[in-house]
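Please read the following note beside the sequence and the 3D view.

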Amino acid sequence: MNPADAFDPLRPRLLRIAYRMLGIVAEAEDVVQEAYLRWHQTDRDAVRDAEAVLVRTVTRLCLDVLKSARVRREEYVGTWLPEPIIETVEGDDLTLTLMMALERLSPLERAAFLLHDVFGMDFEQVAKAIERDPAACRQLASRARAHVQEARPRFPVTEARGHELASAFYAASRSGDTHALQALLAQDVVFYADGGGKTKAVLNPIFGQEKIVRMLEAFVRRAGVNASQLVHEGTIDGLPAFVTLEPDGTLQTTALGIEDGRIVALYVTRNPDKLKGIRRAVVEESS
């Protein structure tokens, strides 16, 4: 059996599992490539279920990566956000907001939840993947589910309404329209920015409508009205979002968490290391 014949059709699923586990595309791609190399060395004729074996391999490799990732993220400059990707996967409602909730879980809790609740594996399969018994996997997934449920919007908006709000926010934030911003932002809205120490960004989350409106107004005063260039509108990690080229030449993504018709969270990524995929996607879109 040619190893690629069984592996290549599963590659997109394996990449999605690894990305959901790790939040970084390059790390996910490295894990999947390592799984492919190990697949080459496997006695494939003795394998009854290639997908089960490969999911186990990818999951265990991700768990190894997460051990060192936790140390790196403790040393990370400012807020850490998952790498933004432009994707729409039918039936997958794991948004950036929920991925942030997963960050607060242990690696095993995250693995159990993702494999069972997101990727539809039964607990017998999950148990083999993370080397725990099925009862323990149920408990891990249950704890993770409780955290994720808290992060799910109670009053989600339609996709069309979400993109409408994203467009309105872009216009208001770049023009400094205070009244429009106040109408769009919830009172307890939170602003997160990830620059990774590579480019200018606020280091800590900013809480509250008043503080965020003042910050956006100050940005307009410094940069000028409509100084940024809108280069893409759409969905990033399941949230309504847009991509801009900012006055300082930085590519930036802004994704919106929305509940009950108001923006409750703003996720801004400016770290150039996390925007290589977005840059490629935007270039392909414009060509």
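What volume does the largest cavity have? The points below begin with the basis of the model and then take up this question.

1. Basis. This is a predicted model, in which local features need pLDDT of at least 70 and side-chain atom pairs count only at pLDDT 80 or more, whereas totals for chains, interfaces and linings use all residues. Residues are numbered from 1 along each chain as its sequence is written, and side-chain values use heavy atoms, with hydrogens and water left out.

2. The largest cavity. Its volume is about 50 Å³. On a 1 Å grid over the protein atoms alone, a cavity is a set of points where a 1.4 Å probe fits but cannot get out, and lining residues have an atom within 4 Å of a point. Grid points are joined across faces, edges and corners, and the volume is the space filled by probe spheres set on the points. Among the lining residues are Tyr19, Met21, Trp80, Met99 and Arg110. Helix 2 and helix 5 are the elements that give two or more residues to this lining, and helix 2 provides the largest share, four residues. Helices (H or I, at least four residues) and strands (E, at least two) are DSSP runs, numbered from the N terminus.

3. The second largest cavity. Strand 5 and strand 6 each supply at least two of the lining residues.

4. Helix 5. Is helix 5 enclosed or open? Eight of its eight residues are buried, so helix 5 is largely enclosed by the rest of the structure. Buried means under 20% relative accessible area, exposed over 50%, and partly exposed in between (1.4 Å probe, protein chains only). The buried residues of helix 5 include Leu98, Met100 and Glu103.

5. The nonpolar cores. The largest nonpolar core has 53 residues, and Met21 and Ile130 have the most contacts inside it. Such a core is a set of buried Ala, Val, Leu, Ile, Met, Phe, Trp, Tyr and Cys residues joined through side-chain atoms within 4.5 Å. Helix 4 gives the largest share of this core, ten residues. Leaving aside neighbours within four places in sequence, Met21 is in contact (heavy atoms within 4.5 Å) with residues including Cys62, Leu66, Pro107 and Leu114. A second, separate core of 21 residues includes Tyr170, Phe191, Ile263 and Leu266.

6. Cysteines. The structure holds zero disulfides, a disulfide being a pair of cysteine sulfur atoms within 2.5 Å.

7. A pocket is an open set of points with protein on both sides within 12 Å along at least five of seven lines. The second largest pocket has a volume of about 560 Å³. Of the 22 residues that line this pocket, Lys200, Phe219, Arg222, Gln252 and Arg270 are the closest to its centre. Helix 11 gives the most to the lining, with six residues.
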